[in-house]
Amino acid sequence: MSGALIVGAGQAGVQLAVSMRDNGYDGSITLIGAEARPPYQRPPLSKAYLAGSADDASLYLRTEAFYSERRIAVWPAERVTRFHLTSSDAGVVLTDHGCTMVFDRLALTVGARPRRLDVPGTDLAGVCYLRTADDADRLRTHLAAARDVVVVGGGFIGLEVASVARSQGRHVTVVEVADRLLGRAVAPVVSEFYRQAHTRRGTAIRVGAGVAGIEGTTGRVTGVLLDDGTRIPADVVLVGVGVVPRTELAEQLGLDCAGGIVVDEQARTSDPAVVAAGDCTVAPNPMTGAGLVRLESMPNAISQARVAAATIAGAPPPVPEVPWFWSNQHDLRLQIAGIADGYDHLEVHGEPDEERFAVRYYRQGRLLAVNAVNSARDYLVARKELAANRLGGERLLGA
Amino acid sequence: MPKVTYVATDGSRRTIDATVGDSVMSTAVRNGVSGIVGECGGNMSCATCHVYVDEEFAEPVGPPGDLEDAMLDLGVADRRATSRLSCQIALTEVLDGLVVATPEEQG
């Protein structure tokens with residue numbers, strides 16, 4: 001008998017399987033994942049897990065008993081190499097170990113891979129990326145023996161790793177090519193706060209600095225060469241310069257892709273019989289319904305997967321969520337709700353210098369998003385406001 | 001191994017053998033206890049793991065911290081005297097037999 005096939009066993013894949021059962025889907029469910037570990041959560045990989053304060057088992061999303069009780073077959077360490085569609089929504093899949101499976105419902109939750117740094121020297125030992133638990137294990141081992149750490153990329157992954165490394169007493173330099181940290185995610189006032197906060201804690205921050213190459217001797221990294229000729233010593237280099245969604249399988253299926261697998265508000269791809277969720281997708285902005293955005297976050301993976309599960313099971317869609325995100329760096333807890341794109345006005349509440357403040361983003365007087373640092377109350381108040389705005393606002397008028 | 005019992009709003013109970021050091025939230029999520037979402041993985045960011053601690057265990061479990069206090073005030077579910085975020089309750093042998101109730105709606 002055929003059933004549902006979910007390709008990609010990360011947060012989105014697991015949530016999709018669980019929510020399909022919650023929605024009463026009774027067919028078989030198979031979850032195929034390329035990694036050898038049971039399905040696990042990624043956010044701790046750059047935080048508690050990297051720091052050594054959370055163990056392997058604490059990463060696992062569900063117990064084995066849970067999967068078998070809910071009749072969710074998990075196939076780890078299998079990579080899908082080919083699809084063969086027999087009709088618009090049924091087909092056969094082939095994995096790299098030669099396993100085949102027939103399905104009549106297909107979901108893609110294949111995630112993203114780290115963007116590679118395109119300079120000489122990235123193959124030297126000690127140059128690390130961070131996406132999987134194996135990557136985190138490798139990075140942790142390298143960090144334990146390191147003196148000088150260079151982080152290439154001043155985004156969330158880079159700054160979280162810099163925080164862990166600095167807390168362990170390493171000399172840490174963050175190199176960011178743009179003129180400020182977290183440039184894609186937050187306003188300049190928040191970028192400047194993080195530059196100062198990391199500097200206060202002894203991390204060197206270099207913005208507007210491009211990497212010309214990574215240098216080494218006898219196959220091991222010894223330093224990073226910047227565009228301006230500066231050399232920064234390094235025993236470990238962590239590259240965190242964004243991710244590239246895995247669209248290969250979707251392209252093989254002829255699905256529309258545009259910087260991610262294009263899905264609609266019901267998580268349907270351009271073939272309405274195939275759904276997709278998580279980091280591999282681009283979807284209409286969940287706050288405005290307009291444009292296509294890629295939200296690389298665990299909350300989005302969960303939220304989209306719930307929608308996709310309802311679509312497959314023919315159940316009513318869940319109430320849409322306000323997108324949210326968090327980042328822990330040292331003792332700084334950043335919480336973000338909403339999407340700030342297109343803001344025309346900012347309000348800063350509290351004192352950045354006291355490391356406790358919130359920034360509210362508005363467009364035409366309407367709240368779009370909040371960034372709260374060590375101020376959960378501001379975050380929660382804004383999140384409630386955004387949820388109320390959304391339900392009563394322009395989304396419904398446009399629907 | 002400490003046992004934790006989760007009581008749903010319909011009165012149904014589910015008891016799980018937990019591991020010392022795991023949180024009441026992660027134990028629930030990993031074992032598929034309904035009523036506890038725990039979206040943020042225990043980072044006190046989502047307030048979707050709100051529970052009502054049984055009176056008998058209110059003292060050993062203790063009160064919420066400052067940040068948790070704010071989250072409980074502003075979360076989805078109604079706050080009561082023994083409200084806690086279950087991601088902030090780490091299980092110990094002392095808490096063996098712990099009973100928590102889950103709210104009507106969260107997350």
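This is a predicted model: local features need pLDDT of at least 70, side-chain atom pairs count only at pLDDT 80 or more; totals for chains, interfaces and linings use all residues.
The domain assignment divides chain A into three parts. Between domain 1 and domain 2 of chain A, the C-alpha centres are 30 Å apart. Each of these two domains of chain A gives 12 residues to the contact between them. On the domain 1 side, helix α2 of chain A (residues 48-51) supplies the largest share, three residues. By type, that side of domain 1 of chain A holds six nonpolar, two polar and four charged residues.

The largest nonpolar core has 145 residues. Those that touch the most other members are L16(A), A107(A), L108(A), V151(A), V237(A), A276(A) and A308(A). Helix α8 of chain A, residues 298-313, contributes nine residues to this core, the largest share. For A308(A), leaving aside residues up to four places away in sequence, the residues touched are L16(A), A107(A), A267(A), V275(A) and A277(A).

The remaining topic is the contact between the chains. It takes 19 residues from chain A and 13 residues from chain B. On the chain B side, the elements giving two or more residues are α1 (24-30) and α3 (66-74) of chain B. The largest share of that side, four residues, belongs to α3(B). The chain B residues that touch chain A comprise five nonpolar, six polar and two charged.

Definitions and conventions:
Residues are numbered from 1 along each chain as its sequence is written. Chains are lettered from A and ligands numbered from 1 in the order in which they are written. A nonpolar core is a set of buried Ala, Val, Leu, Ile, Met, Phe, Trp, Tyr and Cys residues joined through C-beta atoms within 7 Å. A residue is buried if 20 or more other C-beta atoms lie within 10 Å of its own, exposed if 12 or fewer, and partly exposed in between; C-beta atoms are placed from the backbone. Two residues are in contact if their C-beta atoms, placed from the backbone, lie within 7 Å. Domain bounds come from an automatic or database domain assignment. Ala, Val, Leu, Ile, Met, Phe, Trp, Tyr, Cys and Pro count as nonpolar, Asp, Glu, Lys and Arg as charged, and the others, Gly among them, as polar.
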